[in-house]
Amino acid sequence: DYLKEKLLQIAIPKAQKVRQLVKEYGDVKIQDVTMSQVLTGMKGVVSLMTCTSKLDPEEGIRFRGYSIPELKNILPKIHEEGEPLPEGIFYLMLTGELPSNDDVRYISEQWAQRAQGIPPHVYDVIEALPKDAHPMIQFNTAILAMSTESQFRKAYLIGMDKKNYWDPTYEGVMDLISRLPIIAAYIYRRVFHQGDHIPPDPSLDWAGNLAHMMGHDTEDAKRLMRLYMLIHSDHEGGNVSAHATHLVGSALSNPYYSFSAGMNGLAGPLHGMANQDVMHWINKMKREIGTDDPSEAQIKKYAEETLAKGHVIPGYGHAVLRKTDPRFQVQLDFANKYVPYAPYIKLVNKIYNVVPDVLLATGKVKNPWPNVDAISGSLLTSYGITEFPIYTVLFGVSRALGVLTQLIWDRLYGLPIERPKSQNLGWFMDKANLK
Ligand code: AMX
């Protein structure tokens with residue numbers, strides 16, 4: 001596997017640097033941490049090392065230094081006019097280098113081949129769940145069921161040198177990523193299409209195949225799926241899914257356990273489930289107002305009522321971002337280009353015109369702008385993928401690319417178990433001299 005050899009060559013000097021930093025510069029102070037940071041979700045506390053991507057509050061995400069608009073131009077595509085292949089961003093996050101067409105083809109082929117190894121019991125486990133169990137429950141159960149295939153545990157028990165842990169991690173990650181589209185499509189067809197399954201087409205790319213297996217086999221749907229898989233793939237290390245994957249991986253839990261932990265976090269409404277909740281919020285608004293095409297004034301009132309009930313407006317706000325999310329913008333540009341008259345896209349535009357001011361008026365929301373989830377469901381719906389509960393699963397398939405690449409790097413760096421210190425309320429009160 002030339003990719004593994006290349007990765008090791010890149011990683012050896014970097015791992016040495018990490019060891020040198022710990023050994024020779026371990027006492028260098030990097031930050032002061034305040035009471036409020038710890039008590040409000042550790043925002044801004046630098047406590048993780050993640051190299052796959054970095055999030056700037058104003059500009060948004062960069063993957064190994066490249067923004068989404070840049071990647072749209074430089075990553076390999078199937079068609080000139082199409083979207084980059086997610087295989088390319090995986091290669092970039094893994095190696096730190098831009099892939100050639102051959103590199104991307106190699107990964108496509110690797111994944112197509114490895115995808116054939118899903119053990120039959122995984123389908124039995126999915127089938128044992130009620131059909132109306134949320135697709136994220138089915139997805140995560142299948143991920144755990146697949147961990148019977150983990151090479152990591154076997155290698156660990158045989159007594160592998162810890163320097164080599166990255167190797168079975170890499171193998172597990174490649175297997176797992178290759179299989180996620182099949183699992184996601186299986187759940188989709190099981191729940192929403194009477195179990196009428198569509199086999200993979202090994203000649204297709206990873207994201208194109210997912211659209212194909214879901215039964216959305218047009219070139220347009222495949223193009224959308226490539227974009228979706230590209231932009232959801234990573235958002236640096238502190239978000240819930242990335243952090244959970246990293247944390248559980250630090251106990252040397254195998255890649256399946258680690259990723260499953262991340263997916264449990266993605267299923268929360270403040271994180272990945274927001275894409276489904278946005279659609280519920282929009283549809284409830286249409287029902288309550290009694291029209292499919294509410295005015296901006298009506299949307300404003302509905303948004304204000306949402307806040308008055310003590311609910312969040314899904315799809316808006318962010319723990320780090322302080323501007324419109326470029327992942328929102330790139331989807332809006334895509335929608336305005338290909339489906340400008342789609343009713344849901346028109347609604348997304350109207351909501352964007354009024355909701356930021358409503359949130360600003362609260363005086364407490366730090367970021368009133370839309371995030372990735374404010375539009376992704378409306379875009380999928382506009383392409384006929386109308387079953388909202390599958391949206392977070394699609395997010396999860398994509399998120400695997402970043403968090404699992406970082407997991408390989410965690411093992412290449414030889415990072416130890418993560419174990420921050422906790423204190424009780426009394427300790428914090430003492431610090432403040434509060435009785
Ligand atoms: N609607 C209503 N209130 C909001 C809000 C929103 N969209 N965004 C933030 N607030 C509120 C918070 O709930 C908090 O209220 P409180 O002081 O009464 O507890 C206050 O504004 C300050 O919060 P913040 O510092 O601006 O945000 P945060 O870092 O605590 O939370 C996030 C970030 C994303 C959880 C929050 O903006 C939110 O709940 N948004 C809606 C859900 C959503 O879209 N999540 C998806 C995020 C992207 C992703 O992970 N996929």
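Biologist: What makes Asp373, Ala374, Ile375, Ser376, Gly377, Ser378, Leu379, Leu380, Thr381 and Ser382 in α18 count as buried?

Modeller: In this predicted model, a residue is called buried if 20 or more other C-beta atoms lie within 10 Å of its own. Those residues of α18 are buried by that rule, and since they make up 10 of the 10 residues in the helix, which spans 373–382, α18 is described as mostly covered.

Biologist: Which helices do the buried residues of α18 pack against?

Modeller: They pack against α11 (219–231), α14 (274–289), α16 (326–338), α17 (343–360) and α19 (391–413). Just after α18, Gly384 takes a positive phi of about 95 degrees.

Biologist: Why is Met42 called partly exposed?

Modeller: Met42 has 16 other C-beta atoms within 10 Å, while a buried residue needs 20 or more and an exposed one has 12 or fewer; the count for Met42 therefore falls in between, and the residue is partly exposed. Met42 lies in the loop between α2 (35–39) and β1, and its phi is near 60 degrees, a positive value in a residue other than glycine.

Biologist: What makes Arg64 partly exposed?

Modeller: Arg64 has 18 C-beta neighbours inside 10 Å, and because this value lies between the limits of 12 and 20, Arg64 counts as partly exposed. Arg64 sits in the loop between β2 and β3, and although it is not a glycine, it has a positive phi of about 45 degrees.

Biologist: How do you know that β1 and β2 are paired, and in which sense do they run?

Modeller: Pairing requires at least two bridges between two strands; β1 and β2 are joined by 4 bridges and run antiparallel, so they count as a pair. Within this pairing, Lys54 stands opposite Arg62 in β2, and the two strands form a hairpin with 3 residues between them.

Biologist: What is the order of the strands in the open sheet, and why are β1 and β3 said to stand at the edges?

Modeller: The open sheet has 3 strands in the order β1-β2-β3, with antiparallel pairing. β1 (53–56) and β3 (66–67) each have a single partner strand, so one side of each is left without a neighbour in the sheet.

Biologist: How do you know whether the radius of gyration of the chain agrees with that of a compact globule?

Modeller: A compact globule of 435 residues would have a radius of gyration near 22 Å, and the chain has 22 Å, so the two agree. The C-alpha atoms fill a box of roughly 65 × 65 × 45 Å along the principal axes, and 45% of the residues of the chain count as buried. The secondary structure comes to 20 helices and 3 strands.

Biologist: Which residues come nearest to the ligand, and how is the shell around it made up by class?

Modeller: Of the 22 residues around the ligand, Ala274, Val312, Gly317, Ala319 and Lys366 come nearest. By class, the shell has 11 nonpolar, 8 polar and 3 charged residues.

Methods:
Residues numbered from 1 in each chain as written. Predicted model: local features only at pLDDT ≥ 70, side-chain atom pairs only at ≥ 80, totals over all residues. Near = placed C-beta within 6 Å. Nonpolar A, V, L, I, M, F, W, Y, C, P; charged D, E, K, R; others polar. Rg over C-alpha atoms; globule rule 2.2 N^0.38 Å. Contact = placed C-beta atoms within 7 Å.
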